[in-house]
Amino acid sequence: MKFYILFGPPGAGKGTHAGAIASKYNLKHVSTGELLRSEIAAGTELGKMAKNLIEAGNLVPDYVVEGMIEHLFHTTKGVAGFLLDGFPRTVQQAEDLDHLLAQRGEKVNAVISIMISDATVRERLKHRATVEGRADDASDETISNRIVTYHKKTEPLIAYYKQAGVYREVSGECGGVEAVRAQLFDLFNGMDTSFLGEQVVMDNALFDLLEQQAHDTPRLRMNYDLRNTTEDDSQRMLNVWLPGSKLEVHRHQHSNETVLLLKGKMDVVLYNDDGTEAQRIHMGGDSGVYGINIPKNVWHTVEAFKLAVTFTAKDGAWAPNAPEDILEVKR
Ligand code: AMP
């Protein structure tokens, strides 16, 4: 996964260019400002809390935007990365983002800044107020406060990301929208774009993250889909199993299933049609067994006694087990 930050003062044109960049590089565009405005429009508790702060040109608390970002990182699938717009906006948010990404074995890949002067910020926000009617662009006082907030809280991020060696800048005043966009694409094209096919490193950081998520589900397991396009109808996934997780005894009528144990210890249990246990294969630990290919139509399940991480693969698009593919057994 790639993590890009589109940076710049209010009115720099982040929102104007983000869509085109995101669609070219298969990135999920996340604008915290847009997310907050949707919360306000929907009248949620979060929106009510954020409204006055935003309309006065102040920032909302770090934990609010960080909660939204974390949720999107967990739930977004099928993209090569994220294009963050309007986040982080404080050094604390940048540090928290680094921490969050480190837990996933990831990092901020580049910060692309669109720079404009304070005079241009003022001019653009005044103009935007007449076009979009945003409350936080409406008065000179709010605009001044946004400029002060930017210099005080957000500008220090430039030094933060320069130090990390990931800061790049283009001028947002070098011509019209097209000229700025051309500079942005030049920058992106010059960076490593080999991520266009999604790269996932299967390491302890990823397993730890899935383990945490598994703890929060009643099933005590969590899967991670390795497919990265909606056209991909294979089934390739990681599963993290916690002790006590129960998987129904089931079969696949149309495909073999390959199960490889990547970490920990577990049993794969095969059943006869009458629900009696046919074979128990210990995997991991001292067994020296790390994988099994379960033939079509064979009833099976998995039992984890310690944390276990598996890779499984089957043919065809995923579908829930049909009733005739589930076997009731006493366990
Ligand atoms: P924007 O659309 O990015 O200009 O954001 C509009 C307003 O939403 C900002 O002036 C802040 O009040 C709030 N906001 C957006 N992103 C953040 C953030 N990362 N941290 C704190 N407040 C934010």
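Let's start with the shell around the ligand: 6 nonpolar, 5 polar and 5 charged residues. For those classes, Ala, Val, Leu, Ile, Met, Phe, Trp, Tyr, Cys and Pro count as nonpolar; Asp, Glu, Lys and Arg are charged; the others, Gly among them, are polar.

A word on the model. It is predicted, with local features needing pLDDT of at least 70 and side-chain atom pairs pLDDT 80 or more, while totals for chains, interfaces and linings use all residues. Residues are numbered from 1 along each chain as its sequence is written, and side-chain values use heavy atoms, with hydrogens and water left out.

Back to the ligand. It is surrounded by 16 residues, the closest being Thr32, Asn58, Gly86, Gln93 and Arg146. Being near here takes a heavy atom within 4 Å. Helix H2, residues 32-42, gives the most to this shell, with 4 residues. Helices are DSSP runs of H or I, at least four residues; strands are E runs of at least two; both are numbered from the N terminus.

Now polar contacts, meaning pairs of N or O atoms within 3.5 Å. A ligand oxygen is 3.0 Å from an N or O atom in the side chain of Arg37. A ligand nitrogen lies 3.1 Å from a polar backbone atom of Val60. At Gly86, a polar backbone atom is 2.9 Å from a nitrogen of the ligand. How much of the ligand does the protein bury? The ligand alone exposes 480 Å², and 96% of that is buried. Those areas are Shrake-Rupley, 1.4 Å probe.

Next, pockets. The ligand sits in the largest pocket. Sitting there requires more than half of its atoms within 2 Å of the grid points. A pocket is an open set of points on a 1 Å grid over the protein atoms alone, using a 1.4 Å probe, with protein on both sides within 12 Å along at least five of seven lines; lining residues have an atom within 4 Å of a point.

The largest pocket holds about 1,000 Å³ of space. Its lining has 49 residues, with Pro10, Gly11, Lys14, Arg128 and Arg134 closest to the centre. By class, that lining splits into 17 nonpolar, 20 polar and 12 charged. H6 gives the most to it, with 6 residues.

Last, the second largest pocket, with about 850 Å³. It is lined by 37 residues; Gln235, His252, Lys314, Trp318 and Ala319 lie nearest its centre. Strands E6 (221-225), E7 (235-241), E9 (257-271) and E12 (299-314) each give two or more residues to this lining.

Note on methods. A polar contact is a pair of N or O atoms within 3.5 Å; within protein, one must be able to donate a hydrogen and the other to accept it, and residues adjacent in sequence count only if both atoms are side-chain atoms. Grid points are joined across faces, edges and corners, and a volume is the space filled by probe spheres set on the points.
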